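Welcome, and please take a look at the protein chain shown here. Have the structure open while you read.

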Amino acid sequence: MVSSMESYDLAEQLKAAERGAAAPYVDYPPTPWWYAPSVGAWVAAMIGAFTWWRENTGAFVGSLALLLAVEALFIVWMRRRHGALPMPGKGTPPAEIAGVWRGYAIALPVIALLVAAAWWLGGVPAAAVAAFVLVTAGLAVYERRYALAAAETRARLR
């Protein structure tokens with residue numbers, strides 16, 4: 001038979017293990033205020049690059065190469081800043097954060113369809129503006145929801 005002291009120790013050990021598993025998802029600095037608008041601007045610039053698709057191949061390829069280099073530098077910076085960088089769809093996040101990731105996965109194709117509709121109806125400039133607004137707003141909402149979910153996880157695991 002297990003004494004109550006031993007079961008308490010086991011419960012604390014299980015909670016400590018869960019805290020350790022959750023740490024990469026909840027223990028990192030918040031993203032800076034400029035994160036969402038920067039990503040929105042980057043997506044808009046990627047779409048805007050398509051204005052040169054048929055007119056100037058060199059400008060199109062050069063702009064895409066520059067934007068991909070900016071993305072690579074940004075990802076390196078984020079990984080150094082965060083240490084372990086949890087990405088939606090990778091790993092096993094705590095339940096609170098898994099729900100936020102599901103919302104992200106649902107919103108992403110919706111935003112893509114809205115941007116595609118703007119492109120179809122208004123051309124590249126309209127799509128770039130729609131992408132900037134939707135991506136910036138979507139990331140701001142995601143970041144806020146993620147921060148709340150991380151706080152809920154930390155509170156639960158105390």
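The report below goes from the overall fold to the salt bridges and then to one threonine.

## Overall picture

Please keep in mind that this is a predicted model. The protein chain is built with four helices and zero strands, so by the DSSP assignment used here, runs of at least four residues count as helices. Read from the N terminus, the order of elements is α-α-α-α.

How much of the protein chain is buried? Of its 158 residues, 27% are buried. As for contacts with a separation of 6 or more, 75% of them are between residues 24 or more positions apart.

Side chains of opposite charge can pair when their charged atoms come close. How many salt bridges does the model have? The count is two.

One of them joins the side chains of Arg156 and Glu18, with an N to O distance of 2.8 Å. Arg156 belongs to helix H4 (residues 95-156) and Glu18 to helix H1 (residues 4-26), so this pair ties together parts that are 138 residues apart in sequence. A salt bridge also links the side chains of Glu96 and Arg156, where the N to O distance is 2.6 Å.

Through shared partners, the salt bridges join Glu18, Glu96 and Arg156 into one network. Are these residues buried or exposed? Arg156 is partly exposed, at a relative accessible area of 34%. Glu18 is partly exposed as well, at 37% relative accessibility. Glu96, in contrast, has a relative accessible area of 18% and is buried, because the cut-off for buried is under 20%.

## A closer look at Thr136

Helix H4 also holds Thr136. With 16% relative accessibility, Thr136 counts as buried, again because that value falls under 20%.

Which backbone atom lies 2.7 Å from a polar atom of the Thr136 side chain? It is the backbone oxygen of Phe132. Leaving aside residues up to four places away in sequence, Thr136 touches Ala36, Pro37, Gly40 and Ala131.

## In short

For a quick recap, the model has four helices and zero strands. Its salt bridges bring Glu18, Glu96 and Arg156 into one network, and Thr136 is a buried residue in helix H4.

Methods:
Residues are numbered from 1 along each chain as its sequence is written. This is a predicted model: local features need pLDDT of at least 70, side-chain atom pairs count only at pLDDT 80 or more; totals for chains, interfaces and linings use all residues. Side-chain values use heavy atoms; hydrogens and water are left out. A salt bridge is a side-chain nitrogen of Lys or Arg within 4 Å of a carboxyl oxygen of Asp or Glu. Helices (H or I, at least four residues) and strands (E, at least two) are DSSP runs, numbered from the N terminus. Buried means under 20% relative accessible area, exposed over 50%, partly exposed in between (1.4 Å probe, protein chains only). Contact means heavy atoms within 4.5 Å. A polar contact is a pair of N or O atoms within 3.5 Å; within protein, one must be able to donate a hydrogen and the other to accept it, and residues adjacent in sequence count only if both atoms are side-chain atoms.
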